[in-house]
Amino acid sequence: MKLLKLSRRAMLAAGAATALALSPLSVQAQTPEDVLIVGQIAEPKALDPAAVTAVNDFRILMNVYDGLVRYKDGTLEVEPSLATSWDISEDGTVYTFSLRDGVTFHDGSAFNADAVKFNFDRMLDENHPYHNTGPFPLSFFFSAVENVEVVDDLTVRFTLNAPYAPFLSNLAYPTGLIVSPDAVEQHGTEFGRNPSGTGAFKFAEWRSNEAVVIEANADYWDGAPELQAVVFRPITDANTRTAEMLAGGIDLMVEVPPVALSEFQGETYTVHEQAGPHVWFLILNAKEGPFADVRVRQAANYAINKEAIVNDVLEGTAAVAAGPTPPAFAWAYNESLEPYPYDPDKARELLAEAGAEGAELTFYVTEGGSGMLDPVAMGTAIQADLQAVGLTVNIETYEWNTFLGEVNPGLEGKADMAEMAWMTNDPDTLPFLALRTAAWPDQGGFNSGYYSNPKVDELLEAARAATDQAERARLYQEMQVIVQEDAPWVFVANWKQNAVTSDRVENFSLQPSFFLLLDDVVKN
Amino acid sequence: MTTALKLTGLSKSFPVGKRLFGPPKALVRAVQPLSLAVEAGETLGIVGESGCGKSTLARMLVGLLPPSSGTIEINGEPLDNADPAFFGRKIQYVFQDPISSLNPRKTIRQIMDAPLKHLHNMPAATRADRIREIFSAVNLREEFLDRYPHEFSGGQAQRIGIARALAADARILILDEPVSALDVSVQAQVLNLLADLKERFGLTYLFISHDLAVVEAVSDRVAVLYFGSVVEVGPADEVFAHPKHPYTKLLADSAPVVGRPLTAPEGRETELPDPLNPPAGCAFRARCAFASDQCGSEAPRLEGQSDGVRVACYHPIAD
Amino acid sequence: MTGYILKRLASAIPVLFGISIIVFVIMALIPGDPATAILGSYATPENVEKLNRDLGLDKPMVQRYFIWLGNMLQGDFGRSFSLNRAVLDEVLDRFGATLILAGTAFVLCSLLGIAAGVVSAARQYGLADKAITFAVLLGISIPSFFLGMMMILIFAVKLRWFPVSGMWPIYGARDLSALISHLTLPALALAVVATGVIARLSRSAMLEVLRQDFIRTARAKGVHERSVIWRHALRAAMVSIIPVLGVQAGFVLSGAVYIEMVFQWPGVGRMLVDAILKRDILLVQGGVVFVAACYVMFNIAVDVAQSLLDPRIKT
Amino acid sequence: MMAFLKLLARNRLALGGLIVMGLVVVLALITPLLPLADPDVTNTAQRFKRPFSDGALLGTDHLGRDLLSRLLWGTRLSLAVGFAAAIIAATLGAAIGIIAGFYGGRTDNIIMRGVDMLMAFPYILLALAIVAALGPGLMNALIAVAAVNIPFFARNIRGITVGIAHKEFVDAARLSGMTDTRIILTEVLPNVIPVIVIAMSTTIGWMILETAGLSFLGLGSQPPQADLGSMLGEARSALITNPHTSVVPGAMILIIVMAINLLGDGVRDALDPRLKSGALSRPMPTTMVKRTGLPPEAKADTLLALRGLKTQFQVKDRIYKAVGGVDLQVNPGECLGVIGESGSGKSVTALSIMGLVASPPGVITGGAVHYKGEDLIGAPYEKLRSLRGDRIAYIFQDPLATLHPLYTVGEQLIEAVRAHHSIDRSKARAHAIDLLKSVRIPNAEVRIDSYPHEMSGGMRQRVGIAMALANEPEVIIADEPTTALDVTVQAQILSLLDDLRRQRGLAIIFITHDFGVVAQLCDRVAVMYAGRIVEEGPTQTVLNAPAHPYTSRLMACVPELGQGRRELAAIPGLPPVVDKLPEGCAFADRCHKATDACRQGNIELVRHGAENMVRCIAPETPAQEASQ
């Protein structure tokens, strides 16, 4: 009896609550002034720059931390940041940095040479007391560093074990961002949730799966930011992210799904676009199966209608890729390279020559992943194109991490082709890790398709040791020609990263590095 | 005369409050250790009210329930509990609810086939003959064989149940309230059929009922069950004419009879004893007008009286 | 009653133990390993192997299980690598959100479902019955994620009555009205299917009960029909409805996974899906054991409620 | 089978479901034959074409593939997966459930604990984990969906099996020498299959939804293969810009699942034996009344009088004339016995008085019930309600079933009082205790808080009587109140009723099948056969000199104690079924003295002797004039 009475009352209450909630009074308030709300694609893993790998996390980190150097606005060239200047020894193995004076971390501790040494030792020295705050998956960026010395309070010296041209560029990468040693000592493994840097914004709050809030650092050495605060909201579902943007719940949205771009054509929104150092390609198994024959690999490059993929599937959010190096590395890119044209007849011809008509291929596709654009749709479109020239393609889709677990150890015995995308900060990284003979999976590299060309190996080694940028550029450009001809991959697309801002946001621009730099952004 | 069925110290307890491991919390004695013998060719009536343990007893006799203690002998041979086929050929059971004892999804023929096939491994042709034979014995038309149980009235269904018991070719039949679900105008049809069959096939019956008049009409001897124990056993006419146990007397006086004035035969507030918490001594003590201190100390044993009646009472009613 | 509750709690122990084994074994069977996931695109087989060793994943399964179990019994659920956080902290953070969402949906579907079922049964074959039956059918036939997507499109994007996603406003007061406005759409989307199931069940349970003799007795006593339906019949019907509520609670909890994804609700269901996909083994194991334990406790509560309602159940 | 389809077709919604489902299945089957575009050919230039555009009836998807074609191929796949998953889950789940339910004990315990464990997981996580372990793919999604549903089937089927395993026919099979395996296969399984089919038909829709859910998460079919879930998943990112790509598969899922559910409901209803008899409808608060012609006039001076009462059960196209024109009357302090065998219509007569015959299917089609001259048939509900339990009270047969199991007897007694008198609870409680005392329940102050199941049958029936007495009624209608009781208890109850009647001047209508009871309790008796009264008169006269052959022969059948072992009398044949009553005397076929005249026309109930009435053209005893 009691139960019934109770439930009747509860029902009334619930009804009233529902009625209240349903009344259109609760129209959403606009987002507050001077607080920029950013729709992110995922929850950050941690706010420890040494521990993360995802662009998503970098977007926050770049605003909280500074590195010794940074990319010049709108380019991928380095300029001073926490280091005001540097010297490189003749042989390219000793780098000496002069540090900026008077910079403090958000926690109040001072930035100095000791802090720099702490940062790199933490990552590189297995015996460092805070090495256990890792793992540090990208520490190999600095694997050339032999040791870090404190010369004086504001001078620090890096000694490399061999000349390593990408070193400065790597320092500008988030992995090279400088964290507060005090904060690491204080929080230990929890540092990733209690970050402290020297950047334009201070970490304020992290509400699990709701928001990461950073607030303006009034004492920023490069001038206090315009915004009071930035809120990063993880919204994994692209559709929900779009809906939030349309409903006014966020001010800035990155990685707009191509199909949704048309929604943001009006006055109220600004669509930003920026080509970056990204290449989307198909790894072809050059060790066995039909793709062992270079003609079949070239045929695949001819058969796939990249124009259609880039313009239709990706709605123009990418450009057709010509070779292994993205054009964003302007100085290293070979302008004379022309992409493989869409020529199914040529493809059929080549297949006939190679006797590979009707071959059956296994194609690894991922469901999504960092920089993978729209991998299922693209994979399906590619499958259809290859089908059209007489290749039977069976798709197997995998979740991203599983996918990496399948692809990185090599395709041998499993698949003929796999999707892959890389975003790098230096023209060296991708070819060095994924095209050299010494980078076959069994030797710890990412050359999952077993491509091997001694000439390419030689060019890459030489480029890495060269300290002169013009010389490096020449070597890379030569490499690109050879690789394009050898077609170890199908070169598909270079992503033009996009973002949408509402009309209240000003002074926002995307960077070729794909980082999100918000210190100059204004919100009205 | 030979003893067709002999029970020695047969009892059954049910656990109450089962646990996943370990012994149960308590045991309920549904049937106290009891010993009975049924002679070949006789009908032993077992009378008792609900909860007296008569159905539990019956189910033990046909092997549907394993006894907690005691033995069952048929024609001098102890029964092996393990093999239902062996059991089934010796002793059969007629259920109280004729409809629910027939599988609603089988034809009567399939139901009749089962004992012939599984107990006697009879080939199909012989089975058909045998079924025809049995059906004519129970006055059922052969066309019924291909119908389903729900198409029959209670009386017809009970005949089918009897026919199935006969098919097993057992000499002993346990009849568990075979007519209590039937209307009075039909019950006689079934009872008379049972009498015929007994005559024809030389069967031995154990006839269980709560209805004294019915038991009297069919039994040679009768056993009265109260709270899991036999309180009185003896020739039917003797037991009903001169009940010795006060409970038997109460039963006999309670049945409404045309012409007898309506009186409450006992105090109106009595209740049956609680099986979970059985009283010490005679279970009937609380309802009994003759109860003495002796009745409260120890349960009386079944003891023989002059006229072949045995009764478990310290103060049997004298004639 | 206390004894009964203790007994039921004790009987939950082997169930929880079994659950921990099942989840451990399934996670062990899932291909792909945390090391690959931690190292991201730059995972080389060599690094993977080293990291697995560091994480203690090279030990035999049985040993790993007992280490994990032992730690868990001491309250240490391990550390999630994908979130770089203690599993228990994260689970507790997230579970509250799921509880609010699933709890509201559960209350909603129980009340609406039972009320609809009772009305439907009381007006059997009437207009109300037909309308409810149809609505209920529609409800149980629509994929909840699809419904959620449509709701966002209509009520949040087009009409702007409700926020699109999240549980709290990003800035501004985190008060009840803010919660209600964030909660309404996801809770409704989540409740729809279960409401349908409960309504159907309540209807048939009521029809079953209404044919019972004691209903005739109540009518013969001259009890008002309203009281016959809502007091006599519903109470008796609750005996068969309550266990279904228990099962439906599980479905609501499961359905919350989709709804949390669509509405970006910071709940534990979405966390677990992400964790499974990321092979964040400790997070999955800890989270699932926690959720399952809560569900088992909830079911014990259901049993207790049942025993309070039905005096025939031996306690 | 035909009957099944007919039943199914009777349910219009189910028929609709069947037709839609049939269309969908046919479409799915003939999909390969239809002139459709290749579902996998992409044409990215033609992407997101709206429905009804040239060459693409339902438009195209994000890769320019024809949506109609993908929809049909996808439906084909989704249906196949849903069915397959349902069949796998049902088969394995049923097997587990049957084994657990049949063997019981520890086997059951262990299996069900395992099932509990699986059910404690949020199923979607379990499914996800299984797919994650097996790898994505529609086949694996199917396995996962089937696997997570096994526990639900197992639990459901176990419950049913436990019920069946304790049925007598299983015992009978065991006595027929069958082994356990054979019993499971031939006795249990056939009875469980309808339940499995029902469970399956209601879960296929659910399975399709779940598989769609997994596909939606990208764990289902592999591209380019279309199934409905993956179509929805792929279309999700374009929901806002191109909603049609989501709506098309979403609507298809909705249509299919709805049709399946409608059909499933229909199948369930058609397979449910209770529905076949039309019994699964709720009884209304009062019996339906469809009287033709004018109701008979009231007799002024009687307390309660039935005049030509006719009650029927209308089940589908059959009409069971349960009560075929009954006249009865009772006055204060009088006890009228109504005797008859099962199916004679005596209970229906009793229930018709206050409109308590379950309706549907019961309908009162004629006659009148006059209470103090006022006709109760067709009276407004509120009028009937105010009399029920207040002026005219009932006592029913099985006191366990007729008392509410979840309320204490006190609450039920108090309610009986408070339904008619607004007195406060404490007074009502005191009154209830008095009532319990008046029916001689020992320790009433404590017993009042007992639940019915805590009492013995006799005690419960006393509560039933107390409840009937609660408002000091004028008439008590007792419908076989002692039939379910032991003889010793019956004797107590009867004497109690007799005392109450004498003390309070109650009028009692006592329904029974036991002559002994009538003889001891009743002043007058009416004998019913096939829905009509065949003889009525003072108890002594009727019992001593029964005039109707049925009465005399029935009495002869009753065994009486003290006559020793003997052959009992029986009446050959069976009572007629009341939907096919013969013309003339309904007893004629079983009567030893029936003549042709007995089988013609309507035989009236006529005066026989001074106080008796008989419906026979050749009564057993000559009519004797009452000696004044």
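Biologist: Let's start with Arg47(D): buried or exposed?
Modeller: Arg47(D) counts as buried because its relative accessibility is 13%. Buried means under 20% relative accessible area, exposed is over 50%, and partly exposed is in between, with a 1.4 Å probe and protein chains only. This is a predicted model, where local features need pLDDT of at least 70 and side-chain atom pairs count only at pLDDT 80 or more, while totals for chains, interfaces and linings use all residues. Residues are numbered from 1 along each chain as its sequence is written, chains are lettered from A and ligands numbered from 1 in the order in which they are written, and side-chain values use heavy atoms, with hydrogens and water left out.

Biologist: What does the side chain of Arg47(D) meet in a salt bridge?
Modeller: Glu315(A), at 2.6 Å from N to O. A salt bridge here is a side-chain nitrogen of Lys or Arg within 4 Å of a carboxyl oxygen of Asp or Glu. Arg47(D) sits in the loop between helices H2 (12-30) and H3 (67-103) of chain D, and Glu315(A) in the loop between helix H8 (306-313) and strand E14 (318-320) of chain A, so the pair joins two chains. Helices (H or I, at least four residues) and strands (E, at least two) are DSSP runs, numbered from the N terminus.

Biologist: And Glu315(A), how does that count?
Modeller: Glu315(A) is partly exposed, because its relative accessibility is 32%.

Biologist: How many salt bridges are there over all chains?
Modeller: The count comes to 80 over all chains by this rule. One of them pairs Arg65(D) with Glu234(D), at 3.3 Å from N to O. That pair links distant parts of the chain, 169 residues apart: Arg65(D) is in the loop between H2 and H3 of chain D, and Glu234(D) is in helix H9 (residues 228-235). Both residues are buried.

Biologist: Switching topic: which pair of chains has the most contacts?
Modeller: Chains C and D, among the five pairs of chains that touch. Contact means heavy atoms within 4.5 Å. Chains A and B, on the other hand, do not touch, and their nearest C-alpha atoms are 29 Å apart.

Biologist: How many residues go into the contact between C and D?
Modeller: Chain D gives 73 residues and chain C gives 72. The two chains bury about 6,800 Å² between them, with 71% of that on carbon and sulfur atoms. Buried area is the accessible area (1.4 Å probe) that two parts lose on being put together, summed over both.

Biologist: How many salt bridges cross that interface?
Modeller: Two, by the rule. Lys221(C) forms a salt bridge with Glu415(D), where the closest N and O atoms are 3.0 Å apart. Several helices of chain D each supply at least two residues to the side that touches chain C, including H4 (105-120), H5 (123-134) and H10 (244-271). H10(D) brings the largest share, eleven residues.

Biologist: Can we look at H11 of chain C?
Modeller: H11(C) covers residues 268-278 and is mostly covered, with eight of its eleven residues buried. Those buried residues pack against helices H5 (87-122), H10 (225-262) and H12 (281-309) of chain C, together with H5 of chain D. Arg279(C) follows H11(C) and has a positive phi, near 60°.

Biologist: Last one: where is Arg155(D) found?
Modeller: In helix H6 of chain D. Arg155(D) counts as partly exposed because its relative accessibility is 37%. Leaving aside neighbours within four places in sequence, Arg155(D) is in contact with Val247(C), Met112(D), Asp116(D) and Met119(D).
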